[in-house]
Protein chains: 2
Amino acid sequence: MGLNAANPDFTAFLTAKLPEGTIRQAEPRHLADPRGRWTGQAGPVALPRSVEEVALIVGACASASVGIVPWGGGTGLVGGQLLANGPLPLVLSLERMNRIRETYPEENMIVAEAGCTLQHVQQAAEGAGRLFPLTLASQGTCTIGGNLATNAGGVNVIRYGNARALCLGIEAVLGDGTIWRGLTRLRKDNAGYDLRDLMIGAEGTLGIITAAALVLHPKPARNAAALIAVPDPAAALTLLSIAQAQLPGMVSAFELISGVALDFLAETMPDIRQPFAAPPPWLVLVDLGLPDGLDAEQALIRLYETGAEKGLALDALLAQGEAQRAQFWALRENIPTANRRIGAVSSHDISLPLSEIPAFIPAAEKALAQFGPLRINCFGHLGDGNLHFNVFPPKGGHKDDHAGQRDAVKRLVHDMVAALGGSVAAEHGVGRFKTGDIARYADPGKLAAMRAVKAALDPMGILNPGAVLAP
Amino acid sequence: MGLNAANPDFTAFLTAKLPEGTIRQAEPRHLADPRGRWTGQAGPVALPRSVEEVALIVGACASASVGIVPWGGGTGLVGGQLLANGPLPLVLSLERMNRIRETYPEENMIVAEAGCTLQHVQQAAEGAGRLFPLTLASQGTCTIGGNLATNAGGVNVIRYGNARALCLGIEAVLGDGTIWRGLTRLRKDNAGYDLRDLMIGAEGTLGIITAAALVLHPKPARNAAALIAVPDPAAALTLLSIAQAQLPGMVSAFELISGVALDFLAETMPDIRQPFAAPPPWLVLVDLGLPDGLDAEQALIRLYETGAEKGLALDALLAQGEAQRAQFWALRENIPTANRRIGAVSSHDISLPLSEIPAFIPAAEKALAQFGPLRINCFGHLGDGNLHFNVFPPKGGHKDDHAGQRDAVKRLVHDMVAALGGSVAAEHGVGRFKTGDIARYADPGKLAAMRAVKAALDPMGILNPGAVLAP
């Protein structure tokens with residue numbers, strides 16, 4: 001059951017069926033991997049403007065057994081948005097389906113088309129006096145369709161959940177070109193299987209999400225942030241549980257930052273002001289969203305003092321106003337840039353049961369010592385157990401000199417994570433880069449069920465071929 | 001592909017494979033419908049004590065094409081737990097898989113076997129200094145396995161979500177007897193399709209959930225409740241949005257109660273003290289869970305005063321301590337008992353987009369007038385848009401005198417709900433009583449995809465045959 005290439009005949013057939021300009025040659029941005037590892041094959045791209053056009057395109061591809069690679073904002077880090085080899089696919093970009101269809105502030109709800117950038121959705125929510133809490137570094141470029149397809153995470157998951165938790169209903173095109181009109185605005189609906197959550201996170205391999213009914217939240221009356229220096233990740237975790245007990249439901253983010261991250265920032269971006277005079281071994285960025293009646297500064301001081309008494313907090317900086325809060329966040333958000341400038345041997349998007357984290361970090365560092373004096377920058381969303389555990393050359397070294405170690409390093413880290421019941425695809429998804437990991441680490445029963453579901457919903461195998469499940 | 005009966009040969013075969021006492025004759029409780037509409041067929045019941053025994057049973061049923069009816073606590077209201085006709089099934093009760101396997105207070109996590117009653121899970125959480133927030137009238141009897149199979153709702157969904165939102169991972173037996181060991185303790189995991197959420201709410205038709213990793217929450221520092229008299233449901237909704245803006249994330253429940261409910265309580269349970277001297281047209285029960293530093297009484301007074309100024313609140317009673325809070329809740333929880341004593345012509349478990357509710361209630365009442373002077377008791381979880389819109393005979397009448405109107409009344413209500421984008425199976429599930437509604441109202445694309453998923457994961461059709469999807 002091999003696929004056919006999206007050859008000139010097929011492209012001409014589709015072109016004739018659709019409004020002018022819908023089928024074009026893919027631009028370089030449609031074929032690029034942000035980390036530059038792979039490049040998609042030059043070929044056609046479809047830019048539909050309605051769900052009906054998407055349905056026509058998918059139906060035609062199903063009839064002709066032509067693969068479809070759905071494309072959101074192109075920011076995915078695991079190669080889910082490009083196909084470097086195999087029969088030439090049709091790239092399906094939803095960039096022209098970029099309208100906010102409806103806003104229901106009184107229902108805390110908004111209906112957005114898949115091609116809206118995340119920032120566009122955030123701004124529309126803001127305009128309605130509400131908050132759409134999904135927050136990612138790439139929010140100006142990534143699209144809500146891609147966020148849902150990958151069940152994106154980001155920094156506010158601890159409070160508001162992943163993308164899946166922010167979606168009430170979806171409109172999608174199924175593998176045979178059928179439209180599922182599922183834009184429900186219901187908070188409770190047990191009328192049948194949860195195909196919404198199945199499509200979300202399936203990375204376009206079970207259907208194409210074309211629009212979504214999204215959950216908005218009330219805006220906190222005020223926000224407040226602190227950088228707290230801590231002796232180690234164990235202390236950070238205990239501090240987190242104190243924060244959640246003192247401020248239940250009000251901790252919007254709780255980010256772990258290693259001392260190595262501060263070194264990397266100093267090395268690659270010397271203009272960034274280091275927060276503490278003496279660099280701490282670790283720090284956390286705590287962000288709170290508080291209701292009327294609670295004093296933000298007092299809440300942070302109380303948290304720090306409780307931590308300091310127990311030896312969990314070494315020092316703290318409270319953001320004085322929004323500008324300094326933004327500065328704290330810029331520190332956090334510049335870490336990936338610094339990492340790229342240093343150049344990683346191997347990056348890992350892992351999650352662990354919370355209580356396994358304190359032992360995992362030193363154990364993994366110790367095990368990696370066999371590869372020489374590599375540097376490890378471990379940072380991320382501690383509250384979600386989600387770490388970016390990235391491995392770098394020694395100071396002055398270059399990643400290319402360690403290319404031969406890459407697979408072994410990755411395998412060692414992933415094996416350790418799997419042994420602790422963790423995930424090696426925590427928030428970035430599986431894409432095409434991690435299908436081998438899924439095949440290796442997934443529960444065999446789940447894997448068989450996944451293959452059965454894929455075969456049932458996409459019998460021709462046209463939807464994002466090779467993503468999530470290797471052929 | 002018809003199913004075979006669980007005949008004496010098959011029962012003898014299974015009996016020989018399993019520890020003594022595992023296969024028995026079903027007791028009346030295994031065959032009863034709480035509302036007395038249907039009775040299951042007398043036959044065998046399996047009471048396994050481990051997931052391996054469940055796997056053996058399901059595998060044997062798959063080989064012999066014998067249907068399985070999973071049984072939790074038997075409290076389901078839609079006939080999902082009993083099969084009144086067709087080839088005799090094996091009832092599979094998980095009542096002996098009732099251990100709390102692990103508790104991780106520092107991770108806000110607990111692992112419970114499917115046969116634990118909801119109350120057992122709540123108490124285990126309490127013992128760990130945490131809260132398991134799922135709260136239902138039947139919590140002493142229903143099981144967490146049943147709660148997950150039906151994605152149960154209850155009174156705290158507005159704050160903590162449905163059962164699905166409270167589950168991180170499941171252990172389940174798939175349709176061919178394979179065990180899926182998916183008891184992950186991860187908050188972020190995008191390694192493959194979300195089969196967990198697919199199994200949750202599938203009512204045992206796609207797999208048998210045998211254990212679950214459940215989310216615990218910190219306990220609020222204090223709780224507080226008020227009964228607020230309101231002129232109508234529109235006022236109640238506006239008051240809700242004020243409450244959520246003033247107290248984001250702190251409204252644990254927001255229940256709508258009709259004046260008719262108070263009449264029913266007075267009629268059938270005269271010992272219950274009526275809260276207000278002059279019975280209001282509608283009231284809401286607001287329940288708050290607050291952190292340290294916020295004054296509960298002040299918060300409720302502020303909410304009432306804001307509402308009163310705008311004409312949204314007519315009167316209010318603030319619970320003076322836990323005993324009175326429990327009294328307010330008893331008032332709410334006795335409504336279903338009063339309803340049973342009156343005897344309904346037809347009950348409806350519906351949800352609507354929030355902003356459709358104010359117009360729906362009077363419109364449905366008006367449309368139902370064609371059936372004569374029926375009484376309507378509309379109450380429920382307003383914050384979730386989930387109403388129990390139940391229709392009763394006129395005062396002094398008996399439901400049996402209206403049996404002939406039942407189907408037409410139900411059809412009228414369900415048609416109106418569907419036309420507004422609502423659900424006719426909001427929190428009780430589909431079971432066997434509502435499969436016709438799913439066939440009528442579900443999106444055709446979704447329905448086809450549901451059938452494809454069912455065929456893929458249960459090709460023999462042995463898992464809870466006839467539930468959710470009619471054959």
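I count two rings of Phe, Tyr or Trp (its six-membered ring) as a pair if their centres lie within 6.5 Å. This is a predicted model, so I kept that in mind throughout.

**Aromatic pairs.** I searched the whole structure and got 6 aromatic pairs over all chains. I looked at B:Phe264 and B:Phe392: their ring centres are 4.8 Å apart and the planes stand at 90°, so I put the pair down as edge-to-face. Where do the two residues sit in the chain? B:Phe264 is in helix α8 (residues 259–268) of chain B and B:Phe392 in strand β18 (residues 386–392), 128 residues apart, so the pair links distant parts of the chain. Buried or exposed, I wondered about B:Phe264? B:Phe264 is buried, at 1% relative accessible area, and B:Phe392 is buried too, at 0%.

**Charges over rings.** I found B:Arg37 over the face of B:Phe433, 4.2 Å from the ring centre. I also noted the charged end of B:Arg185 over the ring of B:Tyr104, 3.8 Å from its centre.

**Helix α3 of chain B.** I listed the buried residues of this helix (residues 118–127): B:Leu118, B:Val121, B:Gln122, B:Ala124 and B:Ala125. Looking down the axis of α3(B), I see them fall within an arc of 165°, so they line one face of the helix. In general, an α-helix has 3.6 residues a turn, so residues three or four places apart point the same way. On the other side of α3(B), I have B:Gln123 and B:Gly127 as exposed. I then checked what covers the buried residues: the list includes β5 (100–104), β6 (109–113), β7 (130–131), α4 (144–149) and β10 (208–215) of chain B. Just after α3(B), I noted a positive phi of about 75° at B:Gly129.

Terms used
Residues are numbered from 1 along each chain as its sequence is written. Chains are lettered from A and ligands numbered from 1 in the order in which they are written. This is a predicted model: local features need pLDDT of at least 70, side-chain atom pairs count only at pLDDT 80 or more; totals for chains, interfaces and linings use all residues. Side-chain values use heavy atoms; hydrogens and water are left out. Buried means under 20% relative accessible area, exposed over 50%, partly exposed in between (1.4 Å probe, protein chains only). Helices (H or I, at least four residues) and strands (E, at least two) are DSSP runs, numbered from the N terminus. The arc is that of the directions from the helix axis to the C-beta atoms. Contact means heavy atoms within 4.5 Å. Rings of Phe, Tyr and Trp (its six-membered ring) pair if their centres lie within 6.5 Å; planes under 30 degrees apart count as stacked, over 60 as edge-to-face and the rest as tilted. A charge sits over a ring if NZ of Lys or CZ of Arg is within 6 Å of the ring centre and within 35 degrees of the ring normal.
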